[in-house]
Amino acid sequence: MKLQEVLNGLKNRYPQVTGPLGEIYNNTEVTDHLTRLLVTFAERFPGESDVGVLRAPGRVNLIGEHTDYNGLPVMPMAIDYDILVAFSPREDNLVKIVNPEFPDREFELAGKIERYSSGDWGNYVVAGVQGIIDSVGRKKVTRGFNACFYGVLPTSAGLSSSSSLVVATGMTALRVAGLEMEPVELAGAMARAEQYTGIDCGEMDQAVSLLGEKDMALKIDFFPLRVQTTPLPPDYTVVVANSMVEAAKTLNAKIAYNTRHTVCKLATALLCRRLELDSTKIRRLGDIFYELGPERLLTEMKKHFKWHGYSRLELAAELGITLEQFEQRFGGSVDGETIPEPDCGYKLLARARHVVTETGRVEQALEALHNGDGQWFGRLMNESYYSCRDNYEISHPAIDDLVAIALEAGAAGSRLTGAGFGGCTVSLVADHKLESFMAEVRQRYFEDAIHAYPEAHLRYREKSASPLLALKPSCGARMLYELGS
Ligand code: GLA
């Protein structure tokens, strides 16, 4: 599409969102964001007149936390907040990327692409491109591109900004190479690609970013990926509140996240041994869940797992392996970094109990949505929060404050959303209480409680975007303007 034509179109439409954009977005801010994206692209890559523009949305997970990598279901929805990309193919094999918030990066499509240092935004772009190369083969991905990324999503907030960036890049790389991939296949490829950044993640974020539907929550099952859509209860609104405590997946939260996944692998391995299950067929806790059913699984867990946190030595003995074998199988994350033994030990029972009970809550949540029952859905969100806090231990004092305030302000349910350790809460609020709910949370958390977390308070004062958002489900990733059209 000719860049100037897009800009003129946006100007004429402003501030209304109509036509194809209106079918994707609920809010009207997108014309503003697209204009800024294209103006930046034009400044940074002068002379490029033909552009493609695409979006990959973030998500809010309504219920089903830390279940995806266990092969168990989740229930997220895609949101209007997204990563936008404007791009144009190059004649050579260079990839040049710019982003108003971060330094420019540049790499070549040759051999295995080198990673930047940990935490660099370029790594997510590298991951997306490498993920496409790994899926379709190096020979099909030879042409470089210029791209400007624009993030409308807060980072490190548990709204999946990193996966959206990986998905947006993967789609860009496919377009430039003139290739197509089914969204379900692409979601799997992008989840594997994200592991390139050192996170041993599941497939939820990539799946919802690609397969989200407007006005619909998704129930997603994994291995193989399956999606059911269902509307939210009528007369209720989803509200996301950003605690402003950053849970950067590249810092401690990365180790904490990967450790949770490792503990689930350990629980799976120990159950396999104790129950003499065929370990070649059991790849994750979800496989045992479907083999035994939740009740028997919970009983077996109680019988075979101790309540306390195990040490490495103890677990190696329980598994009948040497400490060296333990280190090899469970001592490192996907990028080879060491996973230290947690201070509290490996809490198999508490962690696995969360995963199993959370799965039950996702199934019930689907039923609650089918019945249009917001109060029931809310109660399940609360139970999920308690389990995330007490069994999985992924909450944060600021999140606990926000949830307590949200419930006192009248939410039907409230919980942390995403990986945890900070970030956002999600609440379900009856429409007739929405206004007073927003006012009370704004006053009690953002004017008062947040002072207890000086860094979060500082961040809150510096950022212009609202940390309290009433959201409707948005569409999944798609091209907004085609190249050459
Ligand atoms: C992160 C991961 C997901 C999922 C959630 C927790 O967002 O990327 O795969 O595990 O945490 O539910």
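**Entry 1: the ligand**

I began at the ligand and found one of its oxygen atoms 2.7 Å from a polar side-chain atom of Glu65. I count this as a polar contact, a pair of N or O atoms within 3.5 Å; within protein, one must be able to donate a hydrogen and the other to accept it, and residues adjacent in sequence count only if both atoms are side-chain atoms. Asp205 also puts a polar side-chain atom 2.8 Å from a ligand oxygen. For Arg59, I read 3.0 Å between an N or O atom of the side chain and an oxygen atom of the ligand. On its own the ligand would expose 310 Å², and the protein buries 99% of that (Shrake-Rupley areas with a 1.4 Å probe; for residues, only the protein chains shown count as cover).

Before going on, I noted that this is a predicted model, where local features need pLDDT of at least 70, side-chain atom pairs count only at pLDDT 80 or more, and totals for chains, interfaces and linings use all residues. Residues are numbered from 1 along each chain as its sequence is written, and side-chain values use heavy atoms, with hydrogens and water left out.

Which residues come nearest to the ligand? Of the 13 around it, they are Glu65, His66, Asp68, Asp205 and Tyr257 (a heavy atom within 4 Å makes a residue near).

**Entry 2: Ser209**

I moved to Ser209, which sits in helix 7, residues 204–211 (helices are DSSP runs of H or I with at least four residues, strands are E runs of at least two, numbered from the N terminus). Ser209 is buried, at a relative accessible area of 0% (buried is under 20%, exposed over 50%, partly exposed in between, with a 1.4 Å probe and protein chains only). A polar atom of the Ser209 side chain lies 2.9 Å from the backbone oxygen of Pro57. Beyond neighbours within four places in sequence, Ser209 is in contact with Ala56, Pro57, Ser164, Val167, Gly476 and Ala477 (contact means heavy atoms within 4.5 Å).

Is Val53 buried or exposed? I have Val53 as buried because its relative accessibility is 0%. Val53 belongs to strand 1, residues 52–63. Its C-alpha is 5.5 Å from that of Val85, 32 residues apart along the chain. Leaving out residues up to four places away in sequence, Val53 touches several others, including Leu34, Leu37, Phe87 and Met479.

Arg44 is in helix 3, residues 30–44, and is partly exposed at 38%. I found Arg44 in contact with Val98 and Asp104, setting aside neighbours within four places in sequence.

Most residues other than glycine have a negative phi, and most peptide bonds are trans. With that in mind, I went looking for exceptions.

- Asp215, in the loop between helix 7 and strand 6, has a positive phi of about 65° and is partly exposed at 43%.
- Asp235, in the loop between strand 7 and strand 8 (236–242), has phi near 70° and is exposed at 57%.
- The peptide bond from Phe223 to Pro224 is cis, with omega near 0°; Pro224 lies in the loop between strand 6 (216–221) and strand 7 (226–231).
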